[in-house]
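Q: Please walk through the labels in this model. For each one, give the value, the cut-off and the conclusion.

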Amino acid sequence: KNRRLNEVIAKYRHHQFDKCREQVGTTHCVLVEGLSRKARRAAAAAAAEQAGSESNPQQFTGRTDTQFRVVFDADLGSLEAGEYAEV
């Protein structure tokens, strides 16, 4: 039973990887959800250390109209959650 489940999971991951690889180099309309997890952690660490400068561009996260989750670079002041961006 476990062997079969592992085979199904491996096949699913391989299929998802192929689908994601097909999207590289294409442009999509993305609904911005906010800063990426990594960018939020960096901002929190900088605030805790009282570091004055923020690095631009920041990484944002969002979803395409086909529900792919994407992480992309954009200038910090240029986007807010709920806006659309061409990525």
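A: Start with a strand pairing: L31 stands opposite Y84 in β4. The model is predicted, so local features need pLDDT of at least 70, side-chain atom pairs count only at pLDDT 80 or more, and totals for chains, interfaces and linings use all residues. Residues are numbered from 1 along each chain as its sequence is written, and side-chain values use heavy atoms, without hydrogens and water.

Q: What makes β1 and β4 a strand pair?
A: Two strands pair if DSSP finds at least two bridges between them. β1 and β4 (residues 84-86) are joined by three bridges. As for the names, strands are DSSP runs of E with at least two residues, helices are runs of H or I with at least four, and both are numbered from the N terminus.

Q: How many bridges join β1 to β2, and how do they run?
A: Five bridges join them, and the strands run antiparallel. One example is G34, whose bridge partner in β2 is T61.

Q: Is T61 called buried or exposed, and why?
A: Buried means under 20% relative accessible area, exposed means over 50%, and partly exposed lies in between (1.4 Å probe, protein chains only). T61 has 7% relative accessibility, so it counts as buried. This strand β2 residue touches ten listed positions on both sides of the sequence: L31, V32, E33, G34, L35, S36, R69, V70, V71 and F72. Contact means heavy atoms within 4.5 Å, and residues up to four places away in sequence are not counted.

Q: Which residues make up the largest nonpolar core?
A: There are seven: V30, V32, F60, F72, A74, L79 and A85. β1 (29-35) and β3 (69-74) each supply at least two residues of this core.

Q: What makes a set of residues a nonpolar core?
A: The members must be buried Ala, Val, Leu, Ile, Met, Phe, Trp, Tyr or Cys, joined through side-chain atoms within 4.5 Å. F60 passes the burial test, because its relative accessibility is 3%. F72 passes too, because its relative accessible area is 7%. In soluble globular proteins, nonpolar side chains tend to be buried together.

Q: Which residues does V32 touch?
A: Among them are the core members F60, F72, L79 and A85. V32 also touches T61, G62, E80, A81, G82 and E83. Residues up to four places away in sequence are again left out.

Q: How many aromatic pairs are there?
A: Rings of Phe, Tyr and Trp (its six-membered ring) pair if their centres lie within 6.5 Å; planes under 30 degrees apart count as stacked, over 60 as edge-to-face, and the rest as tilted. By this rule the count is one. The partners are F60 and F72, with 6.2 Å centre to centre and 25° between the planes. Both values fall inside the limits, so the pair is stacked.

Q: Why does this pair tie together separate parts of the sequence?
A: F60 lies in strand β2 and F72 in strand β3, so the pair ties together parts that are 12 residues apart.

Q: How many salt bridges does a search of the whole structure find?
A: Four. A salt bridge is a side-chain nitrogen of Lys or Arg within 4 Å of a carboxyl oxygen of Asp or Glu.

Q: Why is the contact of E33 with R63 called a salt bridge?
A: The closest N and O atoms are 3.4 Å apart. The limit is 4 Å, so the label holds. The pair links distant parts of the chain: E33 in strand β1 and R63 in strand β2 (residues 58-64), 30 residues apart. E33, at 42%, is partly exposed. R63 is partly exposed at 31%.

Q: What separates R3 and E7 along the helix?
A: They are four residues apart in helix α1 (residues 2-23), which means about one helical turn. R3 reaches 58%, so it counts as exposed. E7 has 37%, so it counts as partly exposed. R3, R4 and E7 are linked in a network of salt bridges.

Q: How far apart are the closest N and O atoms of D18 and R21?
A: They are 2.5 Å apart, and the two residues form a salt bridge. Both lie in helix α1, three residues apart, about one turn. D18, at 22%, is partly exposed. R21, at 48%, is partly exposed.
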